[in-house]
Amino acid sequence: MKSLIAASLIAFASAGALAQVTVKDPWVRATVAQQKATGAFMQLTATAPARLVEAHSPVAGVVEIHEMSMANNVMRMRAVPGLELPAGRTVELKPGGYHVMLMDLKSPIAEGQEVPLTLVFEHADRKRESVVVKAPVRGLGEAADHHQGHKH
């Protein structure tokens with residue numbers, strides 16, 4: 001709950017009183033030695049139609065919005081140019097679906113750390129809003145267990 005409040009306060013502070021996108025429960029999966037990529041996950045809710053168009057983090061050389069899907073029993077992951085956020089509907093970025101991919105990691109990402117992320121949203125009027133969050137890092141088992149506790 002504390003991270004949700006902090007994320008909300010940071011979101012409103014960075015975008016002024018015009019914050020139109022709420023970021024809930026952000027987290028990043030911990031890495032193992034030599035691993036150069038990981039994912040960031042969260043729930044996004046926009047008050048008006050918007051798109052997640054960019055993401056940045058100082059821990060990664062490359063940050064992209066990705067979609068993971070299954071086609072003919074083959075898991076495919078691809079970068080997407082943006083993620084639509086319908087007004088008033090929560091869009092979940094989760095393992096096995098849409099997520100923010102952190103690649104070319106500058107160092108291992110350990111459980112207990114916080115990863116700063118800047119999410120850039122574009123609204124219907126083409127204006128952009130940046131939302132800064134600090135996403136706690138969860139271990140592989142903890143991330144799966146934590147997600148199991150949510151009811152959607």
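Which residue stands opposite Glu54 in S9? Glu54 stands opposite Val120; the views below place this pair in the predicted model.

**Conventions.** Residues are numbered from 1 along each chain as its sequence is written. In this predicted model, local features need pLDDT of at least 70 and side-chain atom pairs count only at pLDDT 80 or more, totals for chains, interfaces and linings use all residues, and side-chain values use heavy atoms, with hydrogens and water left out.

**View 1. Overall fold of the protein.** The protein has two helices and 10 strands, where helices (H or I, at least four residues) and strands (E, at least two) are DSSP runs numbered from the N terminus. Along the sequence the pattern is α-β-β-β-β-β-β-β-β-β-β-α. Of the 152 residues, 40% are buried (under 20% relative accessible area; exposed is over 50%, partly exposed in between; 1.4 Å probe, protein chains only). Among contacts (heavy atoms within 4.5 Å) with a separation of 6 or more, 67% are between residues 24 or more positions apart.

**View 2. Strand S3 and its partners.** Strand S3 (residues 50-56) pairs with strand S6 (residues 83-85) in the antiparallel sense over three bridges; two strands pair if DSSP finds at least two bridges between them. Arg51 has Glu84 as its bridge partner in S6. S3 also pairs in the antiparallel sense with strand S9 (residues 114-123), over six bridges, and here Glu54 stands opposite Val120.

**View 3. Strand S1 between two pairings.** Strand S1 (residues 21-29) is antiparallel to strand S2 (residues 37-46), with six bridges, and Trp27 stands opposite Phe41 in S2. With strand S10 (residues 128-138), S1 pairs in the parallel sense over two bridges; Arg29 stands opposite Arg138 in S10.

**View 4. Surroundings of Val28.** Val28 lies in strand S1 and is buried, with a relative accessible area of 0%. Leaving aside neighbours within four places in sequence, Val28 is in contact with Thr38, Gly39, Ala40, Leu102, Ile109, Val115, Ala135, Pro136, Val137 and Arg138. The C-alpha atoms of Val28 and Thr38 are 7.3 Å apart, with the two residues 10 apart along the chain.

View 5. A nonpolar core is a set of buried Ala, Val, Leu, Ile, Met, Phe, Trp, Tyr and Cys residues joined through side-chain atoms within 4.5 Å. The largest one has 32 residues, of which Met42, Leu44, Leu52, Val100, Leu102 and Leu119 touch the most other members. Beyond its neighbours within four places in sequence, Leu52 has contacts that include Leu44, Ile65, Pro81, Leu93, Val100, Leu119 and Phe121.

**View 6. Lining of the largest pocket.** Residues lining the largest pocket include Arg29, Gln35, Phe41, Met68, Met77, His99 and Met101. On a 1 Å grid over the protein atoms alone, a pocket is an open set of points where a 1.4 Å probe fits, with protein on both sides within 12 Å along at least five of seven lines; lining residues have an atom within 4 Å of a point. S2 gives the most to the lining, with four residues, and S2 and strand S8 (98-105) each supply at least two.

**View 7. Two residues with positive phi.** Asp104, in strand S8, has a positive phi of about 55° although it is not a glycine. Asp104 is partly exposed, with a relative accessible area of 48%. Arg126, in the loop between S9 and S10, has phi near 75° and is exposed, at 63% relative accessible area. Most residues other than glycine have a negative phi.
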